[in-house]
Amino acid sequence: MKHILVVKLRPLGDVIVAGPKFEAIREAFPKARITALVQPPAHELLRQTGWANEVFAYHRGLVDRRNFISRAWKHYQLVSALQKRRDRKSTRLNSSHITI
């Protein structure tokens, strides 16, 4: 089974506009496990729509306000959680195209 990581660290509106792209990924890879890394409140939208099997919420503003050690630890935890999943494709969604 393929695993696909979709990273969309933009505001909620950008994630809504990317909805058809999530659907296109799902159509192209129907058996794939799709993980999304997004900012809140977009994580709630993705959980409700079913566009992704797994959703990580990255609180960019909260993490950026912390001291260096705390930020580094949060980033390490995120990377560790994502690395536990093997055979993953990374996908970056832009407003105009998808890069796989």
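In this predicted model, V38 touches K8, L9, V15, H43, L46, V55, F56, A57 and Y58, when residues up to four places away in sequence are not counted. Is H43 buried or exposed? Its relative accessible area is 12%, and because buried means under 20%, H43 counts as buried.

V38 also belongs to the largest nonpolar core, which holds 15 residues. Within this core, I4, V6, F22, I34, A36, V38 and L46 touch the most other members. Two or more core residues are given by each of the elements β1 (3–8), α2 (19–28), β2 (33–38) and α3 (42–49). The largest share, three residues, comes from β2. Apart from this core lies another one, of seven residues, including L5, L37, A81 and L82.

The model has one aromatic pair. The ring centres of F22 and W51 are 5.8 Å apart and their planes stand at 10 degrees, so the pair is stacked; the limit for stacked planes is under 30 degrees. This pair links distant parts of the chain, for F22 lies in helix α2 and W51 in the loop between α3 and β3 (54–57), 29 residues apart. Both F22 and W51 are buried.

Definitions and conventions:
Residues numbered from 1 in each chain as written. Predicted model: local features only at pLDDT ≥ 70, side-chain atom pairs only at ≥ 80, totals over all residues. Heavy atoms only, no water. Core = buried A, V, L, I, M, F, W, Y, C linked by side-chain atoms within 4.5 Å. Buried < 20%, exposed > 50% of the residue type's maximum accessible area, 1.4 Å probe, protein only. Helix = DSSP H or I, 4+ residues; strand = E, 2+ residues; numbered from the N terminus. Contact = heavy atoms within 4.5 Å. Phe/Tyr/Trp six-rings, centres within 6.5 Å; stacked < 30°, edge-to-face > 60°.
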